[in-house]
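Biologist: I would like to go through the labels used for this protein and ask what each one rests on. Please set the values against the cut-offs.

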Amino acid sequence: MRGLVRRIEAATPPDRDRAVDALRAIAILGVVLGHWLVTALVADSGTLRTASPLLYQPGLTPVSWAFQTLAVFFLVGGQMGAKSHADARARGIGYRRWLRARLARLFRPVAAVLAVWAVAAGAMLGSGGSLLTVHTLLKLVLSPLWFLLVYAVLTAATPLVARLHPLWPLAVVLHVDLFRFGFGGPAWLGWINLAAGWLVPYCLGATWGRGLLRGRTGGWVLLIGGAVVTAGLVLFGGYPAAMVGVPGAPISNLNPPTLAAVTFGLTQCGAALLLRGPLRRVLARPAAWAVVALVNLSAMTVFLWHQTAMMAVSVTTLRLYGPLPGLHTVPDGPGWVLARLCWLPVFAGALLICWAAFHGYEAGRPRKGGGGVVRGGGGVVRGGGPAAGGGSRVVREGRSVRAARHVEKPSV
């Protein structure tokens, strides 16, 4: 492990902003833990159905505040997208080549998930499995993919939105919610916010990427202003306090995003901007940076397979032992919460198995002098290639030949 840490440290260029990678890792892990904590698969008359502890235990609502971290991911995505596009243009790389490199690592692992679950669904139905159970499992696997589609669209639009002020999409969200909730407009209008809502942190990240958010003032304004507005919307505007979807609730803050979800996301973005300095100091330690680098190398694999890991544990234990507390029971009390916390390491172990089997789809094939895995003269490079402008890389080439030789065969 010490050798691996030294190799990662040696392959990292001095000018890399490690705080950006840390924020992306925090965002992904927040989503994973959030899903594991607020999603229950309840065994009911031979079938599995989803339930949320937030419906039965409203006191757990603050959990959704801590683990609904998608705004931070879009913030970092906007920052990296704007910087990588500017870098690609400076080097004479065309838009198509840049976009292809940006999206390749995003969608390669999706194909593996879809293929595996197509076979699994067919096998479950062929062996007499309940159609309701198969539908429940497939919905849990496929529903997070909306995030990747929105992220891909915003990435493709980076040249157009990179200089767009975040207040413009925020105004769209405000007017959509005002017309939908205040004047009884049709519910389908809310889906406009699926693009406009996440465009707010993406544009904010692009502003950061242009070097316009260097101080701490902007972070404090976003943190305090976003928190005050969100509290007002929840207390006086009728918005739900939970920042995730709750089955059975009349309004969801996430499907589609509401004004409260967007202002809460701005609160998180403010906190993320304020954490840049402390994170840089922590990540100056090679061991801490190695952990962040390894998480980022498999960020999409972790995101795409974490629901599968939870479901694999749930289905396997149900067949072997029957309904178990915290796994197949109704999440209606503190006992369920304690039991679920005990299951988290088991979910993590199952996710590690999924990672071992499928992380190669995210890395792609090794290529010379560019994306993929470069061993030897290029140091350690993952994903993207030159056209990506470093946006999806964790460790970029650029070290001296002598330094690169010391990282010839890392298992990163």
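**Labels and their grounds**

Modeller: I will start with one side chain: that of Arg 18 reaches the backbone oxygen of Leu 283 at 2.8 Å. The model is predicted, so local features need pLDDT of at least 70 and side-chain atom pairs count only at pLDDT 80 or more, while totals for chains, interfaces and linings use all residues. Residues are numbered from 1 along each chain as its sequence is written, and side-chain values use heavy atoms, with hydrogens and water left out.

Biologist: What makes the link between the side chains of Arg 18 and Glu 9 a polar contact?

Modeller: A polar contact is a pair of N or O atoms within 3.5 Å; within protein, one must be able to donate a hydrogen and the other to accept it, and residues adjacent in sequence count only if both atoms are side-chain atoms. The side chains of Arg 18 and Glu 9 are joined at 3.0 Å.

Biologist: Why does Arg 18 count as buried?

Modeller: Buried means under 20% relative accessible area, exposed means over 50%, and partly exposed is in between (1.4 Å probe, protein chains only). Arg 18 has 14% relative accessibility, so it counts as buried. With residues up to four places away in sequence not counted, Arg 18 touches Glu 9, Thr 12, Leu 283, Ala 284 and Trp 289; contact means heavy atoms within 4.5 Å.

Biologist: Where is Arg 18 placed, and why is that helix called largely enclosed?

Modeller: Arg 18 is in helix α2. Helices (H or I, at least four residues) and strands (E, at least two) are DSSP runs, numbered from the N terminus. Of the 21 residues of α2, 17 are buried, so the helix is largely enclosed by the rest of the structure. Asp 17 caps the N-terminal end of α2, with a side-chain oxygen 3.2 Å from the backbone nitrogen of Ala 19.

Biologist: How does the reach of α2 compare with the expected value?

Modeller: The expected span is 1.5 Å times one less than the number of residues. Helix α2 (residues 18-38) reaches 30 Å from its first C-alpha to its last, close to the 30 Å expected.

Biologist: Why are α1 and α15 called roughly perpendicular?

Modeller: Axes are lines fitted to C-alpha atoms, for helices over the stretch in contact, and angles run from 0 to 180 degrees between N-to-C directions. Angles under 35 degrees count as roughly parallel, over 145 as roughly antiparallel, 65 to 115 as roughly perpendicular and the rest as oblique. The axes of α1 (residues 2-11) and α15 (residues 286-297) cross at roughly 80° and come within 9 Å. The two helices are therefore roughly perpendicular to each other. Residues that meet there include Leu 4 and Ile 8 in α1, and Trp 289 and Ala 293 in α15.

Biologist: What is the angle between α6 and α8?

Modeller: Helix α6 (residues 95-126) and helix α8 (residues 145-156) pack at about 170°, with their axes 10 Å apart. That makes α6 roughly antiparallel to α8. Among the residues that meet are Trp 98 and Leu 106 in α6, and Tyr 151 and Ala 152 in α8.

Biologist: Is Thr 317 buried or exposed?

Modeller: Thr 317 has 11% relative accessibility, so it counts as buried. Thr 317 lies in helix α16 (residues 299-321), and a polar atom of its side chain is 2.6 Å from the backbone oxygen of Val 313.

Biologist: What makes Ala 309 buried?

Modeller: At 0% relative accessibility, Ala 309 counts as buried. Ala 309 is also found in α16. Ala 309 and Ala 350 are 41 residues apart in sequence and 5.0 Å apart in space, C-alpha to C-alpha.

Biologist: Why is Leu 60 called partly exposed?

Modeller: Leu 60 has a relative accessible area of 23%, so it is partly exposed. Leu 60 sits in the loop between α3 (53-56) and α4 (61-67). Leaving aside neighbours within four places in sequence, Leu 60 is in contact with Pro 53, Leu 54 and Val 337.

Biologist: How many helices and strands does the protein have, and what share of its residues is buried?

Modeller: The protein has 18 helices and two strands. Buried residues make up 53% of its 412 residues.
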